[in-house]
Amino acid sequence: MKLALPFALNNEFYTERTDEFNIRFNPNRNSIEKLLEFCEAFPNKRINIEYTDNNPKIPDILGLRVKHPEVYCRVKDGNMAKCAELIAQGVPAFMDSDLPAGNFSELGLFLSLGVSDIYIVDDLCYNMSDVYELCHEHGIQTRMILNNIPSVIRDAGSYIKSPIFPPECVHLLDRYIDVAEFDCGKPFDWHRLGVYYRAWFERKDWHGNLQEIINGLNIPIPNDSLITDDWINFKMHCGRRCDARATSKCRKCEQMFNIATSLASKQIGVRREKNLGETE
């Protein structure tokens with residue numbers, strides 16, 4: 001799973017580990033020549049450019065791509081018409097996380113539009129294998145903000161059935177999510193990123209309540225007592241059958257949560273084996 005982050009000067013640690021830079025470009029304060037210099041300084045990085053006025057200049061972007069073919073546009077504020085215009089003119093583009101795909105109807109719309117990337121949320125998180133296969137058939141990258149609940153449903157953080165992915169399941173997400181991001185506020189808080197990066201990319205573990213590292217989570221989940229792999233691997237492919245079928249008796253999410261809560265009340269944790277390929 002690749003990592004996409006903003007850029008900051010004198011930040012070599014994350015610069016080396018970043019696969020894609022998410023750049024906000026203000027055309028009223030910066031020149032396209034400066035942007036070109038930045039792109040040329042990182043020939044091996046993909047550059048996702050978001051115009052602050054949400055009005056990318058197509059000739060400028062096409063000119064940048066001549067020098068740096070891995071320049072993409074990220075379109076915000078749900079402006080799908082602008083995204084379609086960019087794609088029609090040969091600029092690879094995708095919608096910001098404020099307009100993700102949450103069901104197969106929305107996914108089909110994005111596929112027909114020809115976007116380069118898609119943020120996956122809600123129902124699609126329970127059909128990961130099918131979603132990933134469809135996206136890759138169309139040459140589309142899947143993206144997810146790891147420290148947010150990937151859902152636009154109201155009060156998603158209050159329900160254990162919501163798509164919640166602890167750091168321990170990053171090896172499972174890696175099968176279906178191409179690019180990971182972190183929500184560290186505006187302006188971007190690099191100290192917060194350090195906590196998230198260590199949890200998901202270095203330790204692949206979190207000791208304590210998941211509320212501490214997952215934004216919007218309103219229920220305490222004692223992560224040390226959670227049987228993560230079994231639950232999350234099931235959840236990624238369950239099709240949310242508990243709500244999709246009137247006859248479904250599936251209560252796996254509630255069962256896993258109740259087991260974790262009960263174990264935590266007795267100060268019992270779950271020993272997790274190292275994932276295949278990991279070392280001490």
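Biologist: What volume does the largest pocket have?

Modeller: Rolling a probe the size of a water molecule over the atoms shows where empty space is left. Here the largest pocket has a volume of about 1000 Å³. On a 1 Å grid over the protein atoms alone, a pocket is an open set of points with protein on both sides within 12 Å along at least five of seven lines, a cavity is a set where a 1.4 Å probe fits but cannot get out, and lining residues have an atom within 4 Å of a point. Grid points are joined across faces, edges and corners, and a volume is the space filled by probe spheres set on the points. This is a predicted model, in which local features need pLDDT of at least 70, side-chain atom pairs count only at pLDDT 80 or more, and totals for chains, interfaces and linings use all residues. Residues are numbered from 1 along each chain as its sequence is written, and side-chain values use heavy atoms, with hydrogens and water left out.

Biologist: How many cavities of 30 Å³ or more does the structure hold?

Modeller: There are 2. The largest contains about 90 Å³ of space, and of its 13 lining residues, Lys-161, Cys-238, Cys-242, Cys-250 and Cys-253 are the closest to the centre. Its lining has 6 nonpolar, no polar and 7 charged residues. The second largest cavity has a volume of about 40 Å³, and its lining has 9 nonpolar, 1 polar and no charged residues.

Biologist: In the open sheet, is the pairing parallel or antiparallel?

Modeller: Strands of a sheet pair through backbone hydrogen bonds, either parallel or antiparallel. In this sheet, 8 strands run in the order E5-E4-E3-E2-E1-E8-E7-E6, and the pairing is parallel. Two strands pair if DSSP finds at least two bridges between them; E1 (residues 2–5) and E8 (residues 179–181) have 2 bridges.

Biologist: Why is one side of E5 and of E6 left without a neighbour in the sheet?

Modeller: Strand E5 (93–95) and strand E6 (117–119) stand at the edges, each with a single partner strand, so one side of each has no neighbour there.

Technical notes
Nonpolar A, V, L, I, M, F, W, Y, C, P; charged D, E, K, R; others polar. Helix = DSSP H or I, 4+ residues; strand = E, 2+ residues; numbered from the N terminus.
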